[in-house]
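Morning, everyone. Please bring up the model on your screens. I'll walk you through it in a few minutes.

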Amino acid sequence: MSELNVAKSGYMLSNKPDYPREPSWPNFVWIVFLSMLLVTVVLWGISAIFDAPLEEVAAWAKTPNPAKAPWYFIGLQELLVYFDPWIAGVLLPTQIIIGLVLIPYVDISPAEQGKYSFSKRKFAVVYFSFGLFLWFLLIAIGQWFRGPSWEFYWPVIDYPIGGESWTYPNVPLKVSEAQTVNVPNAIGWPILFIFFGGGMVAPYIVARFHQASALCARLKDYLDRIGLVRYLLIQVHVLLTLSVAGKMILRLVFGYKYIVTTPFFNI
């Protein structure tokens, strides 16, 4: 194993001729099978005790307001607040799927495969945890903070906790006073260029030409180990993830709807 720990990355660990292998049958397969049975029994038990959080029976002539997706899709519905449908419904979900598929190919710690190791994968663990937190934050906002007309409602202040009504008795539906505006294109395009262009190039330049600090030295060592192709793949996903968080802040805090507006698409 000592050789594996110092070996250069560049291929899957399982491709190494001397990689120690363990048969998955019967121990691992039985563990997986028994885990599946246990989860199934637990889900059956929960479904027998608790009612599903369904809404009232739909009325054919009345459209519910708000019309919310199931909780596992409501994050996607909330994402539509911040981006055009082709970005929120196609580009970003595709980015998530591609990013998950790429994980084994951008992994630079093959000796750590098959086990949890924060010390060897600090950046990967932090980035993945942030992405997971962001997704569940979208779900929480859509589920608990969105009311009629998809306005932002504060629990306790705008509606009682646990209630199905979004307003107090005799209080009309909330009408947001926040008037969203678009960032002028003369400012929006430079912001996009600096964010994505600078975000792609700056870490590479700093690591190559500025190694005075220990942080820059570690960054250079990291870039040397992952190589240019892996760096580009990782950084694209990192910037797209950060752009979602940034767009949420611009919309919810500052009231900006789009950074760039064109006749064909808006960002």
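Start with one term: pLDDT is the predictor's confidence in each residue, on a scale from 0 to 100. We need that term, because this is a predicted model.

So where is confidence lowest, and where is it highest, in the protein chain? The lowest value belongs to helix α1, residues 2-6, with a mean of 45. The highest belongs to helix α2, residues 27-49, at 94. Across the whole protein chain, the average pLDDT is 82. A score of at least 70 is reached by 84% of the residues.

Look at the start of the chain again. Over residues 1-7, pLDDT stays under 50. The model has nine contacts there beyond four places in sequence. Be careful with those. Where pLDDT is low, predicted coordinates should not be read in detail.

Now the overall layout. How many helices and how many strands does the protein chain have? Seven helices, zero strands. Read along the sequence, the pattern is α-α-α-α-α-α-α.

Next, burial and surface. The protein chain has 267 residues, and 29% of them count as buried.

What about contacts along the chain? Take those between residues at least 6 apart in sequence. Of these, 62% join residues at least 24 apart.

On to helix packing. Two packed helices are described by the angle between their axes and the distance between the axes. I have two pairs to show you.

Pair one is α6, residues 185-209, with α7, residues 214-252. Their axes come within 9 Å. They cross at roughly 170 degrees. Anything over 145 degrees counts as roughly antiparallel, so α6 and α7 are roughly antiparallel to each other. Who sits in that contact? The residues divide into 18 nonpolar, three polar and three charged.

Pair two is α3, residues 71-79, with α5, residues 122-144. Here the axes come within 7 Å and cross at roughly 90 degrees. The range from 65 to 115 degrees counts as roughly perpendicular, so that is the label for α3 and α5. Which residues meet? From α3, they include W71, Y72 and L76. From α5, they include W135, F136 and I139. By class, this contact has ten nonpolar, three polar and one charged residues.

Stay in that area and find P70. P70 lies in the loop between α2 and α3. Its relative accessible area is 39%, so P70 is partly exposed. P70 and I139 are 69 residues apart in sequence. In space, they are 9.7 Å apart, C-alpha to C-alpha.

Last topic: backbone details. First, go to P26, in the loop between α1 and α2. The peptide bond from W25 to P26 is cis. Its omega is near 10 degrees.

S149 has a phi near 60 degrees, a positive value in a residue other than glycine. W150 also has a positive phi, about 60 degrees, although W150 is not a glycine.

Is S149 buried or exposed? The relative accessibility of S149 is 54%, so S149 counts as exposed. Is W150 buried or exposed? The relative accessibility of W150 is 17%, so W150 counts as buried.

One reminder before we stop. Treat residues 1-7 with caution, as pLDDT is under 50 there. That's my tour. Thanks.

Definitions and conventions:
Residues are numbered from 1 along each chain as its sequence is written. This is a predicted model: local features need pLDDT of at least 70, side-chain atom pairs count only at pLDDT 80 or more; totals for chains, interfaces and linings use all residues. Side-chain values use heavy atoms; hydrogens and water are left out. Helices (H or I, at least four residues) and strands (E, at least two) are DSSP runs, numbered from the N terminus. Buried means under 20% relative accessible area, exposed over 50%, partly exposed in between (1.4 Å probe, protein chains only). Contact means heavy atoms within 4.5 Å. Axes are lines fitted to C-alpha atoms, for helices over the stretch in contact, and angles run from 0 to 180 degrees between N-to-C directions. Angles under 35 degrees count as roughly parallel, over 145 as roughly antiparallel, 65 to 115 as roughly perpendicular and the rest as oblique. Ala, Val, Leu, Ile, Met, Phe, Trp, Tyr, Cys and Pro count as nonpolar, Asp, Glu, Lys and Arg as charged, and the others, Gly among them, as polar.
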